[in-house]
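Here is a short briefing on one protein model. Please keep the structure open while you read.

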Amino acid sequence: MVATLVQVTTPAMWAAYHRIRKAELWDARGRTTPLYNPNHPDETKPNHTPLLFLLNEVGVGTTRLDDLGNGRFCVRLVAIDKAFQGQGLGRTMLMQTLQRARDQGGTDMVVNADESAVGYYRACGFEEHSWNPEELKTPMGEGLTQMRRAL
Ligand SMILES: CC(C)(COP(=O)(O)OP(=O)(O)OC[C@H]1O[C@@H](n2cnc3c(N)ncnc32)[C@H](O)[C@@H]1OP(=O)(O)O)[C@@H](O)C(=O)NCCC(=O)NCCS
């Protein structure tokens, strides 16, 4: 098994990235507001890196690594394709994301965790920590828990 985290670049990679995120973070949750937007401007900001997690060259997970400055990175929109959940791949993907942030000089990683995923982040070394309450005052921020871990 070869599991690698790569930056999204080709049209096929973008298609897998959006398919997994829409399925796991919107459709599986019955989320309709806001609608999933594959052309959201946050995807192309210079300090944001969309990432696809490949298992034997097949896209099975996604995340985005945002550089918030001063050594802080944020991992956003973390998802593993339903058929591949519960097999340790979410942990591997997150560990590779942490390493990527370290390689870029990161000192800590933060996340806005969905209630159902707080246990996953705890299992991966994160702790509850209010790092920017302003981020929770949006429709997307409702019910999320802010967490942090050192890199
Ligand atoms: C959350 C998610 C990314 C986890 O990925 P995964 O591949 O299923 O997780 P893993 O199998 O690697 O589990 C890693 C650890 O987290 C724990 N874990 C995973 N999901 C969990 C959950 N929902 N609640 C509590 N613990 C969880 C596992 O027990 C494991 O801990 P252990 O090694 O100590 O036993 C994945 O289930 C998913 O995509 N869910 C839907 C989308 C989502 O909620 N994304 C997070 C948005 S903030």
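This is a predicted model: local features need pLDDT of at least 70, side-chain atom pairs count only at pLDDT 80 or more; totals for chains, interfaces and linings use all residues.

Residues are numbered from 1 along each chain as its sequence is written.

**Ligand shell**
- The shell holds 19 residues around the ligand, and Gln85, Gly90, Arg91, Gly119 and Ala123 come nearest. A residue is near a molecule if its C-beta atom, placed from the backbone, lies within 6 Å of it.
- At least two shell residues come from each of α1 (11-26), β4 (72-80), α2 (89-103) and α3 (118-123). Helices (H or I, at least four residues) and strands (E, at least two) are DSSP runs, numbered from the N terminus.

**Strand pairing**
- β1 (residues 3-7) pairs with β2 (residues 48-55) in the antiparallel sense over five bridges. Strands pair if DSSP finds at least two bridges between them.
- Thr4 has Leu54 in β2 as its bridge partner.
- β2 also pairs with β3 (residues 58-69), in the antiparallel sense over eight bridges.
- Phe53 is opposite Gly61 in β3.
- Two residues separate β2 and β3 in a hairpin, and Asn56 in the turn has a positive phi of about 50 degrees.

**Contacts of Leu52**
- Beyond its neighbours within four places in sequence, Leu52 is in contact (C-beta atoms, placed from the backbone, within 7 Å) with Val6, Val8, Met13, Ala16, Tyr17, Gly59 and Thr62.

Terms used: Two residues are in contact if their C-beta atoms, placed from the backbone, lie within 7 Å.
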